Amino acid sequence: MKSFLIYAVRRIFLLIPFLIGLTILAFLLGVLAPGDPAMAVLTMDGTAEPTESELLAMRESMGLDQPFWMQYGSWLTHAAVGDLGVSYLTHRPVLSELMRRFPVTLHLALWAMGWVILLGIPAGIWAARRKGHAAEIGLELVALFFISMPSFWLGIMMMLIFSEEWQLLPSSGYGDALHMILPSFVLAAGTAAAVLRLEQTSVLSVMEKPFLLTERAKGLSASYIEIYHVLPNSLMPVITMLGTFFASILGGSVIIENLFSIPGLGSYVLSAIWGRDYPVIQGYVLVSGTVFIVFNYLVDLSYYLLSPKAREG
């Protein structure tokens with residue numbers, strides 16, 4: 001337990017440079033993006049083009065006349081206490097809007113991760129058991145199909161089949177579990193297929209390890225060896241992969257949320273991009289990036305608990 005706590009604290013300190021880099025990236029997206037934030041604020045209500053004096057006054061009030069490092073320091077100071085600014089379009093605090101919509105996106109992402117785990121890992125184990133059989137080749141072709149298909153095209157096809165043709169599932173909205181089935185599956189399909197292939201490869205690799213010969217020589221049953229030796233060792237690369245793919249799930253949810261009319265971060269961020277609402281873009285990058293870093297931190301901790309080599313290191 002003590003070694004685990006030391007490892008956990010050490011990993012937290014290693015995350016600090018990544019958090020600093022994330023804040024720099026989020027800030028630069030608002031500062032170096034094309035367009036003038038002062039112009040965007042003054043013209044968002046459709047009024048006539050502002051004068052040069054009005055632009056200068058607005059830039060000064062927004063702190064845009066200061067050097068980049070001073071702007072970054074001011075923005076970081078406010079962000080550290082939860083002040084991500086006010087949206088140019090809605091005139092509401094960015095953090096409150098993000099926190100209001102983030103649970104919806106997180107809910108969708110967790111559903112998607114559930115599909116990935118429940119479909120990808122068991123299917124990968126099943127494919128490894130049937131290596132070279134026709135069923136395994138067919139499953140690999142299905143996985144290749146889902147990896148290759150763009151999520152928006154798959155979403156449209158799923159809506160046409162399950163919502164329009166068969167009328168089994170709702171095609172849009174956010175509410176009960178039925179509303180989450182289609183968008184979460186579309187969001188998870190490519191990732192689940194990739195996890196399937198990785199788990200299959202990992203299981204086949206573990207089954208060739210010399211230590212399994214010793215276990216078989218002890219007279220242990222095949223099912224016992226698979227559950228207590230093959231499965232834990234084969235999950236190591238998959239767990240690492242899931243931490244990386246969680247970022248793609250959060251990023252991909254922007255498209256899926258708009259496609260299925262889910263009131264998460266997707267519609268909010270896209271409208272901010274079109275309207276050059278820089279505080280919202282900065283806040284989204286900061287919040288989603290932080291979630292990604294925290295998720296990978298949890299993956300590191302789970303890897304430590306599952307891997308004897310990590311504990312020895």
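1. Phe146 and Phe185 are both buried (under 20% relative accessible area with a 1.4 Å probe, protein chains only; exposed is over 50%, partly exposed in between). Phe145, at 37% relative accessibility, therefore counts as partly exposed.

2. A word on provenance: this is a predicted model, where local features need pLDDT of at least 70, side-chain atom pairs count only at pLDDT 80 or more, and totals for chains, interfaces and linings use all residues. Residues are numbered from 1 along each chain as its sequence is written, and side-chain values use heavy atoms, with hydrogens and water left out.

3. On to the rings: the structure holds six aromatic pairs (Phe, Tyr or Trp rings, six-membered for Trp, with centres within 6.5 Å; planes under 30 degrees apart are stacked, over 60 edge-to-face, the rest tilted). Phe145 and Phe146 have ring centres 5.3 Å apart and planes at 75°, so that pair is edge-to-face. Phe146 and Phe185 are also edge-to-face, because their planes sit at 90°, with centres 6.0 Å apart.

4. Since Phe146 lies in helix H6 and Phe185 in helix H8, their pair ties together parts 39 residues apart in sequence. Helices here are DSSP runs (H or I, at least four residues), numbered from the N terminus. Ring pairs also link Trp115, Phe145, Phe146 and Phe185 into a cluster.

5. As for the helices themselves, H6 (residues 134-148) and H8 (residues 177-207) pack at about 135°, axes 8 Å apart; axes are lines fitted to C-alpha atoms over the stretch in contact, with angles from 0 to 180 degrees between N-to-C directions.

Conventions
Helices (H or I, at least four residues) and strands (E, at least two) are DSSP runs, numbered from the N terminus.
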